[in-house]
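Okay, thanks for coming, everyone.

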Amino acid sequence: MSYKVLMDEDLFAIKEMLWNGYTQAFIAHKYHVTQAHIANIASARFAGKILWPDGTDGPLARWKKLEIMNKRKKHGMTGAKASLLPKS
């Protein structure tokens, strides 16, 4: 089994993608890692030293998770359709 080594630049880009509403599955596919690895980044188990786009550290903020979920719901984006959110 081979393991993908994510550089700090990758971790920053992953956090930006999570922040912007991309699904963990989509990001995992893009970076050739598991969805669990992306979940660990989102929950700050990995990449804790890399800040979120708003300058905070730690796990993805609950208010941001709710904002993303509400945006997906508003646009009828669930499951596989939720991979990309419209720019707005």
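So, helix 2, residues 24-31, packs on helix 3, residues 35-42, at an angle of about 115°, and their axes are 8 Å apart. Keep in mind this is a predicted model. With roughly perpendicular covering 65 to 115 degrees, that angle makes helix 2 roughly perpendicular to helix 3. The crossing of helix 2 past helix 3 is right-handed.

Who's touching whom there? On the helix 2 side you've got Gln24, Ala25, Ile27 and Ala28, and they meet Gln35, Ile38, Ala39 and Ala42 of helix 3. By class, that contact of helix 2 with helix 3 comes out as six nonpolar residues, two polar and no charged.

Helix 1 brings Leu11, Ile14, Lys15 and Leu18 to the contact, and helix 3 brings Ile38, Ile41 and Ala42. Sorted by class, this contact of helix 1 with helix 3 has six nonpolar residues, no polar and one charged.

Let's stay on helix 1. What is buried in it? That would be Asp10, Leu11, Ile14, Lys15, Met17, Leu18 and Trp19. Among the things covering those buried residues are helix 2, helix 3 and helix 4, which is 62-74.

Quick geometry check: at 1.5 Å a residue, the twelve residues of helix 1 should span 16 Å, and the end C-alpha atoms are 16 Å apart, so that agrees. And just after helix 1, look at Gly21, which takes a positive phi of about 95°.

Terms used: Residues are numbered from 1 along each chain as its sequence is written. This is a predicted model: local features need pLDDT of at least 70, side-chain atom pairs count only at pLDDT 80 or more; totals for chains, interfaces and linings use all residues. Side-chain values use heavy atoms; hydrogens and water are left out. Axes are lines fitted to C-alpha atoms, for helices over the stretch in contact, and angles run from 0 to 180 degrees between N-to-C directions. Helices (H or I, at least four residues) and strands (E, at least two) are DSSP runs, numbered from the N terminus. Angles under 35 degrees count as roughly parallel, over 145 as roughly antiparallel, 65 to 115 as roughly perpendicular and the rest as oblique. A crossing is left-handed if the near helix is turned anticlockwise from the far one by less than a right angle, and right-handed if clockwise. Contact means heavy atoms within 4.5 Å. Ala, Val, Leu, Ile, Met, Phe, Trp, Tyr, Cys and Pro count as nonpolar, Asp, Glu, Lys and Arg as charged, and the others, Gly among them, as polar. The expected span of a helix is 1.5 Å times one less than its number of residues. Buried means under 20% relative accessible area, exposed over 50%, partly exposed in between (1.4 Å probe, protein chains only).
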